[in-house]
Amino acid sequence: MLNDQVALVTGGSRGIGRAAALALAGAGAKVAVNYQSSRAKAQAVCAEIEAMGREAVCLGADVAKSDEVDEMVKEVLTRFGRLDILINNAGVVRDSLLIRMKDEDWDQVLDTNLKGAFNCLRACARPMMKQRAGRIVNVSSVVGLTGNPGQLNYAASKAGLVGLTKSAAKELASRGILVNAVAPGYIETDMTDSLDSRAREALAENIPVKRIGNPKDVANLILFLAGSESAYITGQVIAVDGGLAM
């Protein structure tokens with residue numbers, strides 16, 4: 001249980017972020033739900049958390065901007081007095097083949113997915129180091145482990161999270177802070193919702209367990225890594241992909 005612990009979930013308004021926020025709250029945590037543009041959806045997540053009898057706050061911030069991240073973390077500390085868990089989930093995609101990819105498509109994905117995670121990790125590590133305790137979970141992707149045509153920027157950002165995770169884990173372990181990553185495969189998202197039944201069946205056929213995952217599959221692992229049961233695990237990247245990348 002995470003009774004009275006405080007968690008910050010970036011990109012928490014939908015998908016994996018929403019599922020993680022609800023799972024953490026269900027385990028007893030107070031949750032700060034970050035969003036960039038989906039304020040109404042973030043407020044809906046906070047309302048669900050409050051309906052559980054837990055505390056929640058919605059915080060708008062662009063994680064790619066360090067000043068906004070610093071202000072967001074300051075608000076969490078002002079509201080709750082501490083910060084125990086960071087879920088680095090915010091991310092974007094701007095898919096294109098290598099020779100057609102624009103500079104701005106590369107920059108936006110790397111700035112949000114990788115620099116954004118760094119900004120949040122750095123800002124949250126400071127109060128966690130003072131507490132000499134903390135859990136950080138970075139949401140990578142199997143694409144960062146295997147690569148994928150048309151997603152050079154996304155794959156590079158998610159592969160970068162692997163190195164970020166392992167390096168931060170080595171730096172912060174002596175302060176009682178554990179840093180791990182999850183690498184989701186095909187998960188039910190807005191993108192997969194737009195696929196027709198034939199395309200969905202084709203996706204599932206390539207997965208050993210023969211189904212597309214759902215956000216709760218990932219949230220369950222995030223909850224484990226955020227809790228006391230994972231006290232001897234750090235620097236790891238764990239795939240949640242139905243066996244896709246093995």
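The side chains of R18 and E48 meet in a salt bridge, N to O at 3.0 Å; the term here is a side-chain nitrogen of Lys or Arg within 4 Å of a carboxyl oxygen of Asp or Glu. R18 sits in helix α1 and E48 in helix α2, so the pair ties together parts that are 30 residues apart in sequence. Helices are DSSP runs of H or I with at least four residues, strands are runs of E with at least two, and both are numbered from the N terminus.

Before going on, the source. This is a predicted model, in which local features need pLDDT of at least 70 and side-chain atom pairs count only at pLDDT 80 or more, while totals for chains, interfaces and linings use all residues. Residues are numbered from 1 along each chain as its sequence is written, and side-chain values use heavy atoms, with hydrogens and water left out.

Back to that pair. R18 is partly exposed, at 32% relative accessible area, and E48 is also given as partly exposed, at 32%. On this scale buried is under 20% relative accessible area, exposed is over 50%, and partly exposed is in between, with a 1.4 Å probe and protein chains only.

How many salt bridges does the structure hold? There are seven. Another one joins E55 and K30, at 3.7 Å from N to O. E55 lies in the loop between α2 and β3, and K30 in strand β2, so this contact ties together parts that are 25 residues apart in sequence. E55 is partly exposed at 38%, whereas K30 counts as buried at 18%. Also among the seven is K210 with E205, at 3.3 Å, N to O. K210 is partly exposed, at 46%, and E205 counts as exposed, at 51%.

Now helix α2 itself, residues 39-51. Its 13 residues should span 18 Å at 1.5 Å a residue, and the end C-alpha atoms are 18 Å apart, which agrees. The expected span is 1.5 Å times one less than the number of residues.

Which residues of α2 are buried? They are A42, V45, C46 and I49. These cover an arc of only 100 degrees around the axis, which puts them on the same side of α2. The arc is taken from the directions from the helix axis to the C-beta atoms. As background, an α-helix has 3.6 residues a turn, so residues three or four places apart point the same way. A40 and A51, on the other side of α2, are exposed.

What do the buried residues of α2 pack against? The partners are α1 (15-26), β2 (30-35) and β3 (56-60), with contact meaning heavy atoms within 4.5 Å. After α2 comes G53, with a positive phi near 90 degrees.

Two remaining items. E71 is in helix α3, residues 66-80, and is partly exposed at 39%. Its C-alpha atom is 9.8 Å from that of L59, 12 residues apart along the chain.

Last, the surface. L98, I99, W106 and L152 form a nonpolar patch with about 440 Å² of accessible area together. Patches take residues with over 30% relative accessible area and no salt bridge, joining like charges within 9 Å and nonpolar side chains (Val, Leu, Ile, Met, Phe, Trp, Tyr) within 5 Å. The areas come from the Shrake-Rupley method with a 1.4 Å probe, and for residues only the protein chains shown count as cover. W106 lies in helix α4, residues 103-131, and is partly exposed at 36%.
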